[in-house]
Structures are given as C-alpha cells and as structure tokens.
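Here's a quick briefing to read with the model open beside you. Grab your viewer and follow along.

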Amino acid sequence: MERLTIRRPDDWHLHLRDGEMLRLVAPESRDFGRAVIMPNLVPPVVTGDDAGAYRDRVIAAGFARPLMTLYLTEGTDPTDVVRAHAGGVIHAVKLYPAGATTNSASGVRDIETVRPVLAAMEEAGVPLCLHGEVTEPEVDIFDREAAFLDRVLTPLRDAHPELKLTLEHVTTKDAVDWVREHPGVGATITAQHLTSNRNDMLAGGMRPHFYCLPILKRRAHQEALRQAATSGPGPFFLGTDSAPHPLQAKEATCCAAGCFTAPHALPLYAQVFEEEGALDRLEAFAALNGPAHYGLAPNEDTVTLVKGDAGARPESIEGHGQRVTLFDPGQPLHWRVEPREG
Ligand code: NCD
Ligand code: ZN
C-alpha cells in the first residue's frame with residue numbers, strides 16, 4: 001500500500017509546556033485533530049480558571065482544539081473540578097503520584113486525601129487519567145508500573161467502579177493484561193514504546209533522547225505493546241506523550257525525562273503498524289478507539305499518509321529562543337503525512 005487515508009487522529013496525551021516553548025511546539029501537532037493537554041506546568045494547572053487561561057494560550061500559540069486537564073493535588077476542590085467539567089473547560093483530571101515524573105512534586109502522596117474528589121468525579125462522569133508508576137525509592141524503576149497496578153490501580157478501580165479511567169502511556173505486558181481484564185478502562189500508548197526498547201537506550205552507549213517515563217522496558221514488553229496497539233477496536237489508543245525539553249536539559253549529566261515526537265508521530269506509528277502487517281488497524285488505534293472511550297465523535301476530516309521517500313527530517317527544531325531535538329528511532333522513516341489543505 002502506497003497511500004493510506006484514515007480519519008484524522010487525535011493525540012490523547014500531549015505536553016505543550018508554556019511561554020516560548022509552547023509557541024515553538026504547538027504548531028508541531030498539526031497532524032492531529034484534538035489533543036489532551038497535560039497540566040504539569042510550573043506551577044501546575046490546578047483550577048478551572050487556570051485551565052481556561054492555559055487553553056487560551058494554547059490556541060493563541062497555534063493548536064486549535066485542545067482538551068484541557070487539571071492537575072490533581074491534595075488540595076483540589078471537588079466543586080471546582082465538577083464545575084469546570086460541566087462548563088466544558090476541562091476534559092479530564094490527571095493524577096501524578098508525587099515525584100513520579102517531570103514536574104510532579106505537587107502530585108498525590110496519599111490517595112485517601114483525594115477520595116472526595118474521586119467520588120465527585122465518579123458521580124459527575126469526569127475522567128481520571130493516571131500516570132501509573134509507584135514512587136517508593138526501593139522499587140526498581142523497571143518495576144514501577146507493574147507495582148502500581150497491584151498497589152494503586154486495582155484498589156482504586158474496586159473503590160470507584162464507575163470512575164472513567166485512562167491508564168496513560170502503558171509500557172509493560174502487565175499493564176496491557178490488566179487493561180484487557182478491566183472493561184471500560186482505556187490506555188494510551190506512545191510511539192517510542194512501540195518503536196524501541198531499553199536496549200535502544202542503553203546498549204552501546206547511553207542515549208538521552210530515548211529516556212522518558214515510564215522508562216523503556218525490555219523487548220518482550222515492547223512486543224506486547226505492539227500487539228495491543230495493532231489489535232483493532234478496543235481499549236488501546238494513541239497518546240504520544242510528546243514531551244519537549246530544551247536540548248541542554250536532555251543532553252545533561254542528569255537528563256530530563258521525555259521524548260519529543262509530535263512532528264513525526266504519525267509516521268512513527270504508521271511504520272510500526274506496517275511492520276506488524278496491521279495498517280488496516282491504524283485508524284482504530286489513532287482515530288476511533290480514543291473517541292469511543294471518551295464518548296466523543298471521531299473527527300470528520302481525514303489525513304493521508306504516503307509511503308515513499310519521506311525526505312530528510314530535521315534533527316531538531318528551533319525558534320523563540322528554544323531548541324528541541326526530535327526523537328529518532330534509529331531507522332529511516334518512510335511515511336509522510338500530506339499537508340492539510342487550506
Ligand atoms: C513528561 C514530561 O516531560 O512532562 N515526561 C515523560 O518522560 N513522559 C511527564 C510524563 O508524562 O511522565
Ligand atoms: Zn506525559
């Protein structure tokens with residue numbers, strides 16, 4: 001197949017940052033219709049008013065259809081969450097265990113403290129998106145997602161069976177199996193966790209642009225993710241977790257977590273689906289399963305992917321005083337997206 005036209009995909013997990021970085025990266029998600037915008041700014045997006053103001057900055061920076069989220073803290077007011085959701089200001093609430101990842105210091109330490117918020121969300125139908133890793137220092141970094149399933153997610157699901165849950169950026173076979181066993185729970189999968197495993201990051205030299213959280217796992221997990229993503233209609237859908245950091249923060253003694261994939265995310269996913277002989281299931285993963293999970297209509301317009309010489313991709317993008325390196329899977333990409341008309 002040389003051309004593939006599918007409904008326009010959405011990105012169900014995207015970091016756009018703020019200020020100059022926002023202005024640099026917002027236009028780079030042009031292939032996507034809607035995107036769920038993560039709230040882990042400094043300081044985080046914690047109230048409905050914060051989310052409304054951030055939405056305006058996102059649109060002004062060049063991304064037209066953001067779906068906003070609130071950052072759940074131990075001080076979050078349930079009334080504000082329900083009001084912001086009912087008013088169409090926010091799409092979901094994001095739970096970061098405190099200390100789990102970039103800018104998560106204001107996250108949740110003790111889930112009991114946010115019980116009233118979760119109960120109000122369950123009642124009002126506000127989705128909860130989860131960064132699924134425990135943070136106990138004694139838990140090995142490669143085991144933190146699996147430990148989260150047993151210690152946090154299963155009890156949470158049992159306590160709030162009607163709460164709409166999305167397990168973000170799943171990285172293990174354990175998480176894939178857990179999601180399959182819990183109908184109604186959705187899960188996003190990034191491009192880098194499909195193209196790559198921890199050998200790509202660590203064997204023959206340490207490559208900081210492969211470093212993100214949850215960290216890349218061993219090959220068997222990558223294979224389980226590839227199988228889940230290409231399985232057609234169901235709970236798995238596209239969320240790039242594109243997470244830009246300035247070049248100097250990535251290529252540093254202590255490298256920041258996050259892979260910047262927004263500009264070429266669709267070609268990355270398409271290549272994986274092609275390798276798996278599943279291009280006919282790319283539309284379900286990229287454009288249908290996400291809206292179905294959230295009870296939204298899929299996009300009406302389409303994108304066309306073209307196979308062939310994709311031309312040279314820049315190593316980094318630069319502007320507004322910022323420079324960000326694109327995630328490079330270490331192999332040439334041979335898909336490109338036809339530019340939008342008009
Ligand atoms: C994200 C970021 O940089 O904000 N980093 C990452 O490695 N994925 C945070 C996150 O989603 O964990
Ligand atoms: Zn993220």
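Predicted model: local features only at pLDDT ≥ 70, side-chain atom pairs only at ≥ 80, totals over all residues.

Residues are numbered from 1 along each chain as its sequence is written, chains are lettered from A and ligands numbered from 1 in the order in which they are written, and side-chain values use heavy atoms, with hydrogens and water left out. Helices (H or I, at least four residues) and strands (E, at least two) are DSSP runs, numbered from the N terminus.

**The eight-stranded sheet**

- Eight strands line up as β2-β3-β4-β5-β6-β7-β8-β9 in an open sheet with parallel pairing; two strands pair if DSSP finds at least two bridges between them.
- The edges belong to β2 (11-14) and β9, each with a single partner strand, so one side of each has no neighbour in the sheet.
- On average, neighbouring strands here are turned by 30 degrees against each other, direction ignored. Axes are lines fitted to C-alpha atoms, for helices over the stretch in contact, and angles run from 0 to 180 degrees between N-to-C directions.
- Strand β3 (residues 35-37) pairs with β4 in the parallel sense over three bridges, and Val36 has Leu67 of β4 as its bridge partner.
- Further along, strand β6 (residues 128-130) and strand β7 (residues 165-167) run parallel and are joined by three bridges; look for Leu128 with its partner Leu165 in β7.

**Strand β4 under cover**

- Six of the six residues in strand β4 (residues 66-71) are buried, meaning under 20% relative accessible area, with exposed over 50% and partly exposed in between (1.4 Å probe, protein chains only).
- In a regular strand, side chains alternate between the two faces of the sheet.
- Both faces of β4 are covered, with Pro66, Met68 and Leu70 buried on one side and Leu67, Thr69 and Tyr71 buried on the other.

- Strand β1 (residues 3-7) runs antiparallel to strand β10 (residues 302-307), with five bridges joining them; Ile6 is partnered with Val303 in β10.
- On the other pairing, β10 and strand β13 (residues 335-337) are antiparallel over three bridges, and Val306 sits opposite Arg336 in β13.

**Helix pairs**

- Helix α3 (residues 78-86) packs with helix α4 (residues 115-124) at about 25 degrees, their axes 9 Å apart.
- α3 and α4 are therefore roughly parallel (angles under 35 degrees count as roughly parallel, over 145 as roughly antiparallel, 65 to 115 as roughly perpendicular and the rest as oblique).
- From α3, Pro78, Val81, Val82 and His85 meet Pro116, Val117, Ala120, Met121 and Ala124 of α4, where contact means heavy atoms within 4.5 Å.
- That α3-α4 contact comes out as eight nonpolar, one polar and no charged residues; Ala, Val, Leu, Ile, Met, Phe, Trp, Tyr, Cys and Pro count as nonpolar, Asp, Glu, Lys and Arg as charged, and the others, Gly among them, as polar.
- For helix α5 (residues 144-159) and helix α6 (residues 173-181), the axes come within 9 Å and cross at roughly 20 degrees, which means α5 is roughly parallel to α6.
- Glu145, Ala146, Leu149, Leu153, Thr154 and Arg157 of α5 make the contact with Asp174, Ala175 and Trp178 of α6.
- By class, the α5-α6 contact has five nonpolar, one polar and three charged residues.

**Helix α9**

- Buried residues in helix α9 (residues 219-229) are His221, Gln222, Ala224, Leu225, Arg226, Ala228 and Ala229.
- Their cover includes α6, β8 (186-189), α7 (192-195), β9 (236-238), α11 and α12.
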